[in-house]
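Let's learn to read a protein model together, one feature at a time.

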Amino acid sequence: MTLRIPSLIFLLFFLGCSGYASYAVGFRDRLARKDYEGVRLSLNKASKGRDKLLYFLEKGLVDRYQGDYRESNIHFEQAERLADQLYTRSISREMAALLTNDAVRAYRGDKFELVFINYYRSLNYWKLGLHEDALVECRKANEKLSRYAANAKNPTSYRTDAFIHWMTGLFYEATDELNDAYVAYRDAHMAYLTYRKAFGISPPPSLSQDLIRVGMKLGFADDVEGLIGSGSSTSPEPLGGELILLCETGFVSRKFQEEINLPI
């Protein structure tokens with residue numbers, strides 16, 4: 001046993017050094033060029049590694065970009081189930097991480113990534129004409145954000161997402177779920193007020209218009225005035241409806257591991 005334990009630690013150390021990034025070389029360039037088959041080849045190499053959650057997330061995204069919304073939702077559902085399982089930590093993995101480094105842990109996803117599973121699934125369901133299923137994903141996203149907000153210790157940490165609340169409000173309003181839409185718009189507005197204090201980002205005027213419009217329909221004039229301020233008014237509703245454009249641009253920043261060795 002005295003020989004096996006160091007050997008195991010040695011093995012885990014080198015396994016921890018190789019991760020998902022080694023399989024994803026050129027992934028972003030291929031995705032930008034819409035070389036989806038090349039992207040799939042890169043992803044398939046990582047399908048059996050520790051970072052399988054990333055595989056499901058990126059597979060769902062690529063399927064969506066190719067217009068295969070049903071297959072995309074299947075992979076996002078697999079990602080969501082796996083993320084739930086990974087939050088039930090393995091004692092052996094935690095001990096290995098303590099003795100070597102965090103890279104031996106399977107990647108469990110950041111909070112914002114887990115919320116965007118529901119964002120993409122709701123968009124997919126909407127494209128498929130399954131509006132009720134899209135609303136289910138909106139409610140799941142709102143529930144996650146409520147849970148994050150309740151557990152947040154730092155007021156500037158990720159505990160809510162103004163954009164996700166706003167987006168779910170749009171879905172609710174489009175299906176005449178006005179009470180849910182108002183709550184979502186209000187939560188988005190409050191989140192932007194937190195952003196303004198922490199990052200200098202104010203609520204967009206169009207969000208204020210959405211909040212005022214739905215609030216006035218529901219007879220919540222006093223509440224709206226308390227949120228937006230006195231003199232709140234809304235523009236007349238456009239004839240024939242309103243076109244909403246969701247524009248995704250650029251890539252999120254890559255993560256890099258940095259190590260600090262402290263002699264003990």
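**Starting from one loop**

A: Let's begin with Pro 204, which sits in the loop between helix H10 (178-199) and helix H11 (205-218). This is a predicted model, in which local features need pLDDT of at least 70 and side-chain atom pairs count only at pLDDT 80 or more, while totals for chains, interfaces and linings use all residues. Residues are numbered from 1 along each chain as its sequence is written, and side-chain values use heavy atoms, with hydrogens and water left out.

Q: How are helices assigned, and how many helices and strands does the protein chain have?

A: Helices (H or I, at least four residues) and strands (E, at least two) are DSSP runs, numbered from the N terminus. Here the protein chain has twelve helices and zero strands.

Q: What does contact mean, and which residues is Pro 204 in contact with, leaving aside its neighbours within four places in sequence?

A: Contact means heavy atoms within 4.5 Å. With those neighbours set aside, Pro 204 is in contact with Trp 166 and Tyr 192. As for distance, Pro 204 and His 189 are 15 residues apart in sequence, and their C-alpha atoms are 8.7 Å apart in space. Across the protein chain, 60% of the contacts between residues at least 6 apart in sequence join residues at least 24 apart.

Q: What is a salt bridge, and how many are there by this rule?

A: A salt bridge is a side-chain nitrogen of Lys or Arg within 4 Å of a carboxyl oxygen of Asp or Glu. The count by this rule comes to twelve salt bridges. One of them joins Glu 173 and Arg 213, whose closest N and O atoms are 2.9 Å apart. Glu 173 lies in helix H9 (residues 162-174) and Arg 213 in helix H11, so this pair ties together parts that are 40 residues apart in sequence.

Q: Which other residue does Arg 213 form a salt bridge with?

A: Arg 213 also pairs with Asp 210, the closest N and O atoms being 2.8 Å apart. These two are three residues apart in helix H11, so about one helical turn separates them.

Q: What does buried mean, and what share of the residues is buried?

A: Buried means under 20% relative accessible area, exposed over 50%, and partly exposed in between (1.4 Å probe, protein chains only). Buried residues make up 37% of the 264 residues in the protein chain. Glu 173 and Arg 213 are both buried, and Asp 210 is buried too.
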